[in-house]
Amino acid sequence: MKVGGLLASAGINIGLCVLFLSLYSILRKQPSNVKVYFGRRIAEERNRLRDAFILERFVPSPSWIVKSLRCTEDEILDAAGLDAVVFNRIIVFSIRIFSLAAILCILGVLPLNYFGQDMLHVRIPSASLETFTIGNVQERSRWLWVHCVVLYIISVVACVLLYLEYKHISRLRLCHISRATSNPSHFTVLVRGIPKSSTESFSRTVQGFFTKYHASSYLSHQVVYKVGKVQKIVSGAKKVYRKFRHFKGTAVDQRCRSITFQCCFCGASSNSFQLLPIDFEQESEIPNVNDSSFSSTDEECGAAFIFFKTRYAALVVAKILQTSNPMRWVTSLAPERDDIYWSNLWLPYKQLWIRHISTLGGSIVFMFLFLMPVTFIQGLTQLEQLQQRLPFLRGILEKNYMTQLITGYLPSVILQIFLYTVPPTMMLFSTLEGPISHSERKKSACCKVLYFTIWNVFFVNVLSGSAISQVIALSRPKEIPMQLARAVPVQATFFTTYVLTSGWASLSSELMQLFALTWNFIRRYILRMEEDDLLYSFPYHTEVPKVLLFGLLGFTCSVLAPLILPFLLLYFCLSYVVYRNQFLNVYCTKYDTGGLYWPIAHNATIFSLVLTQIICLGVFALKKSPVAAGFTVPLIIFTLLFYQYCRKRHLPLFKTFPAQNLIDMDMEDQQMGRTEDLHHRLHNAYFQFPDTDDIPLEGVHSVGRDEDGSGTSGESSRKESADDELSHPTLDGLPVSRLRNAVRSLGSVLRPQRRELAV
């Protein structure tokens, strides 16, 4: 690829970034888009903006950038949790290390690569990008020691920064644990693989086991029930019922009549609903939970939540083997209530190992199926082979601008389109594995996406990119290091355009929230639906692998092809601003892993460093520089020793909770007199179907009917009673009290769980 092709790709992506950033600064000011770009803040503050015409709304401004830069780490921690802080620290680490690498490599390595051979240099726009790589340096060159010294500096500084970040995040994790004094998950253990008895229920079996073997610390238990369909009904009814919180102080019409609305495109009308004439409160009966005809034994699952008197007791029970059969009475610390993936708790524990093997096999098959589009994409970067395989394109490829477009922009765009299918597929595989929490499922998907992208974006492009006919090189593992040494400098041009397309453009798309913006427009102006909160959790399983992949490309190309570093550094600086803004305004944190994404980032960074050193070792060997190659071997050993030290020093804090901290928290609770209150809260912490009595509807006024059927106003419109027939201000006749009673009735069906909590 010529420098002109790289400049064409950079120009296209810079233009798109400027356009999207300008549009974002305008669209975020529009009242109709406030729930798209401020979903988290609106959900917390419940503010309503008035739709007033202000000229400033239509003028681009950098105010959001200033607010994002002024935000502190503590504010991000309070708003989005520890996982957001960890993600932010990954970006900060990348900015620091690649700022140093850019200064050293652009000023020291790049000139040596460009003037590495005695040749006539053409104008830079017409020069090949390979002249800026280490491949342009002569064999036995006395300047290769500069590359080795720069490699040493980057590796040592990266290890120091990694250690400091690991230490800082470990301290934040300990603070995160200590601050959660009322977190019920610290007292709760999830037990699976409960043996089924023919004479007694799961609840009696659990109670008998823990009162016998853990009598001093056992408090109570909660059996998991398999009632998925009822759960959906209750959740849907509660979701509708909560909508009426927003209409405080609003006079609504109780007169019941069916209404219609028209679609703005086709003009067709549709009845919103039709109210049945049956009085729900008189005809319906709340089922009696003590009725002998009702039995929840058949719906019990082989899993239960066990509550203990202290945090330390729960930790001990979660980490020890309960019986001589490891497949029975399997214990682990319970996730938080909002983090539980209830449907997977119903899976038999004996199925999990089969599910793990099946999903691993499916992931591997999917990775190899992805070789076909990657091989096709690499054909676009090699014009000679493309002209041989498709002769009818020779006339088109002779045009300079078409050559720059096909080789500089099109391959990375096509690859990015195919990569959009990877996160949903890996999330599906992670779900089938049977994780017990949403955060565990997302973390598993994050690892799968990371492995997939490193393999298909880096290794497959490198090993098969120098020549499509050399795909068989993957079957010769001993030759892979030398293949990497030959191919990485050649493929560095593709990686540079990939950073521009997948990096810059994806940040613009993330900032614009194109999917949410489009759905908001369709919902408001086409479907004429009522407003609802657009709340999403941050997609760590897509963004963490993307950032770590760019880190891998930066390390491997820093010494070999340093021209990628300015574009990569600009990506990390822009991502620092964009993601901080998204954490503060857009994404709502529903659950948190407590910083468990950092070990993934640490391992990926160490892998990137070792891979870079191995590739440089192969390059030095190809360039016949024994001194540089000899000094690279101790660097590899030092990096691996540093990795082992971090595993022993910091990683155990991310695998479990320290007993010292938990015991100190238990002693503090006893001294402050909080123990009884915490034990009382545990009884309500893990109900599958919490009561709906806590849904407030204060301040909503209804305009009801008199006995003669006529509408009333005045005093009757200001009555606030639990039995008032409330309705939506634009959808007349929706009876809220009937919906409320329906929710309570469904909840009472599931309330037999309470009987199992008494000890």
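Visitor: Is Phe 209 buried or exposed in this model?
Guide: We're looking at a predicted model, so local features need pLDDT of at least 70 and side-chain atom pairs 80 or more, while totals for chains, interfaces and linings use all residues. Residues are numbered from 1 along each chain as its sequence is written, and side-chain values use heavy atoms, without hydrogens or water. Buried means under 20% relative accessible area, exposed over 50% and partly exposed in between, using a 1.4 Å probe on protein chains only. Phe 209 comes out at 11%, so this residue counts as buried.

Visitor: How many aromatic pairs turn up, and what geometry do Phe 209 and Phe 210 have?
Guide: Rings of Phe, Tyr and Trp (its six-membered ring) pair when their centres lie within 6.5 Å; planes under 30 degrees apart are stacked, over 60 edge-to-face, and the rest tilted. Across the whole structure that gives 40 pairs. For Phe 209 and Phe 210 the centres sit 5.2 Å apart with the planes at 80°, so this pair is edge-to-face.

Visitor: Which aromatic residue pairs with Phe 210 across 119 residues of sequence?
Guide: Phe 210, buried at 0% relative accessibility, makes an edge-to-face pair with Trp 329, at 5.9 Å between centres and 75° between planes. Helices (H or I, at least four residues) and strands (E, at least two) are DSSP runs numbered from the N terminus. Phe 210 is in helix H8 (202–213), while its partner is in the loop between helix H11 (311–319) and strand E7 (330–333), so the contact ties together parts 119 residues apart.

Visitor: How big is the largest cavity?
Guide: A cavity here is a set of points on a 1 Å grid over the protein atoms alone, where a 1.4 Å probe fits but cannot get out; lining residues have an atom within 4 Å of a point. Points join across faces, edges and corners, and the volume is the space filled by probe spheres set on them. The structure has four cavities of 30 Å³ or more. The largest one has a volume of about 130 Å³.

Visitor: Which residues come closest to the centre of the largest cavity?
Guide: Its lining splits into eight nonpolar (Ala, Val, Leu, Ile, Met, Phe, Trp, Tyr, Cys, Pro), four charged (Asp, Glu, Lys, Arg) and four polar (the others, Gly among them). Two of the lining residues, Phe 538 and Tyr 540, also belong to a cluster linked by ring pairs, together with Phe 87, Tyr 579, Phe 583, Tyr 587 and Tyr 597. Of the 16 lining residues, the closest to the centre are Ser 537, Phe 538, Tyr 540, Thr 589 and Tyr 591.

Visitor: Which helix gives the most to the lining of the second largest cavity?
Guide: This cavity holds about 100 Å³, and its lining has eight nonpolar, four polar and no charged residues. Phe 93, Phe 98, Leu 548 and Phe 555 are among them. Helices H6 (82–114), H23 (540–558) and H25 (597–622) each supply at least two. With five residues, the biggest contributor is H23.

Visitor: What is the bridge partner of Gln 222 in E6?
Guide: Strand E2 (218–225) is mostly covered, with eight of its eight residues buried. Strands pair if DSSP finds at least two bridges between them; E2 and strand E6 (300–308) are antiparallel over six bridges. In E6, the partner of Gln 222 is Phe 305.

Technical notes. On a 1 Å grid over the protein atoms alone, a cavity is a set of points where a 1.4 Å probe fits but cannot get out, and a pocket is an open set with protein on both sides within 12 Å along at least five of seven lines; lining residues have an atom within 4 Å of a point.
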